[in-house]
Amino acid sequence: MKRIGYLLLIALLLFCLASCKADQPPEPYYLFVYNSKAMTEEDISAIRGLCDLYPDYEIAIVDACEQKNAADVYRLLIQERDARGYDPCGIQIFGTPNAVPAFVHKHEFEMQTQDEMFKEDDFVSDYFYTNFNNDPDALDKISAHELAHSLEEIDIMPAWHVVRLPLLRGDFADFITKYREYLALVEEQDIVNVSVASPILPVGWYSVAVDDTGYFLTRARDEWKFIDNVHLYGTTEGVYASTLDLEGSCNADDWAPLTKQNVCEIFHESHANKDVLSQTIFTGRGKYDYYCTDVLTTNTINRKLNGMPYFLYTGGCQPAKGMSGNIITKALSGRCVGAIASTAVLHGIDIDCMLSGEEYVQGYCRYSLLYGYLKAKSEGATRAEAFCAGQQQMAQAFIQNADTTDVQSYQSNLNNLLAFQNFGLIDP
């Protein structure tokens with residue numbers, strides 16, 4: 001009888017242990033995606049060594065060395081998710097699209113007043129890695145125009161954040177060392193916000209051509225209380241010189257000294273391309289009465305910003321073009337530890353820095369993304385979580401306004417949403 005009693009007791013204990021385990025929430029995890037054939041052993045060792053930065057997460061490392069395109073990578077990640085039975089909390093991609101492919105999108109959208117399509121070159125994006133709810137083949141070369149008519153079939157709502165570190169073979173270990181240095185620094189000091197902003201269009205095309213992002217960031221500080229500090233630098237020449245209380249011009253020699261002693265987040269707004277971040281100086285009040293001067297170039301960015309680690313958020317056109325061989329990847333090889341930037345030419349004349357907070361939440365202009373990002377950070381989100389929150393806010397606005405008659409604004413801003421990417425590492 002005693003033997004039977006012991007067996008019953010053991011069975012009861014095993015049942016209780018199994019029940020307790022079943023009641024526990026699944027262990028949160030990140031998917032780390034890399035291409036072992038595009039890395040050195042030192043790179044791979046450094047990436048695997050990142051696990052200690054995320055003690056609350058399991059790290060599932062996925063080698064995409066055999067995947068030829070983004071649809072193949074998408075399927076591979078779904079297989080990893082299905083093996084676990086639940087979704088990841090985020091995805092970290094290591095490498096350029098040549099190593100781990102990004103989705104390719106046609107750049108086209110309908111014009112509002114003309115019976116024609118606006119077209120630019122194709123661009124790359126990681127946007128659709130933010131959920132596993134789509135047929136990957138349906139995402140191949142889809143444009144904002146096609147997507148706008150397919151929102152019932154294609155899910156554009158991000159379920160988690162996606163960050164890419166677009167470095168080349170042999171560069172990852174040094175970046176990770178730099179990132180650990182940054183983490184140690186921010187334990188001791190606050191991040192300083194720096195606005196380097198000039199207009200891209202004259203008055204009449206949007207509300208405050210003079211001050212744009214600089215003005216928006218003063219509202220983020222004073223009106224919405226999203227940030228505690230912002231150092232303002234702007235255009236001091238031309239018809240639309242800034243009316244803000246500036247500390248200096250957009251010239252990097254004026255504001256780069258801040259990065260010598262402070263970990264900064266730099267907010268740049270003006271024209272740009274894959275090699276240059278510019279400022280715009282208007283010589284008249286017409287749309288094309290301006291010229292640009294260089295703020296930073298691929299040749300100067302790591303020389304001008306060679307102090308503390310810094311972040312960069314730029315609203316310029318295609319500084320991250322191709323996710324390789326551009327000013328963003330150049331910055332990441334220097335002191336930059338993270339950047340939010342576009343891989344495409346940006347559009348939308350409704351770049352309005354004077355809307356209400358509610359209008360930003362319910363709308364989809366380019367400042368809607370920045371509003372959602374800053375708001376989420378002020379509420380305690382990490383940078384990656386905050387950028388995802390901005391994406392989710394805009395995606396919801398597109399879903400709710402799918403029947404709009406303003407097709408040009410809708411589709412061009414939908415294109416902008418696909419183009420903005422987060423580069424660096426997922427924040428611990």
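This is a predicted model: local features need pLDDT of at least 70, side-chain atom pairs count only at pLDDT 80 or more; totals for chains, interfaces and linings use all residues.

Reader: Which residues of α2 are the buried ones?

Author: In helix α2, which spans residues 41–48, they are Asp43, Ile44, Ala46 and Ile47. Seen down the axis of α2, these buried residues fall within an arc of 160 degrees, so they line one face of the helix. Glu41, Glu42 and Ser45, on the other side of α2, are exposed.

Reader: Switching to aromatics, how are the rings of Phe32 and Phe94 arranged?

Author: Their centres are 5.4 Å apart and the planes stand at 65 degrees, which is over the 60 needed, so the pair counts as edge-to-face. The pair links distant parts of the chain, with Phe32 in strand β1 and Phe94 in strand β3, 62 residues apart.

Reader: And is Phe32 buried or exposed?

Author: Phe32 has 1% relative accessibility and therefore counts as buried, and Phe94 is likewise buried, with a relative accessible area of 1%.

Reader: What about the largest nonpolar core, which residues touch the most other members?

Author: Among the 70 residues of that core, they are Phe128, Phe216 and Leu374. Helix α12 (residues 366–378) gives the most to this core, contributing seven residues. Apart from it lies another core, of 61 residues, which includes Ile44, Ala46, Trp255 and Tyr310.

Reader: Which aromatic cluster does Phe128 sit in?

Author: Phe128 forms one with Tyr74, Phe103, Tyr127, Tyr129, Phe132 and Trp160.

Technical notes: Residues are numbered from 1 along each chain as its sequence is written. Side-chain values use heavy atoms; hydrogens and water are left out. A nonpolar core is a set of buried Ala, Val, Leu, Ile, Met, Phe, Trp, Tyr and Cys residues joined through side-chain atoms within 4.5 Å. Buried means under 20% relative accessible area, exposed over 50%, partly exposed in between (1.4 Å probe, protein chains only). Helices (H or I, at least four residues) and strands (E, at least two) are DSSP runs, numbered from the N terminus. The arc is that of the directions from the helix axis to the C-beta atoms. Rings of Phe, Tyr and Trp (its six-membered ring) pair if their centres lie within 6.5 Å; planes under 30 degrees apart count as stacked, over 60 as edge-to-face and the rest as tilted.
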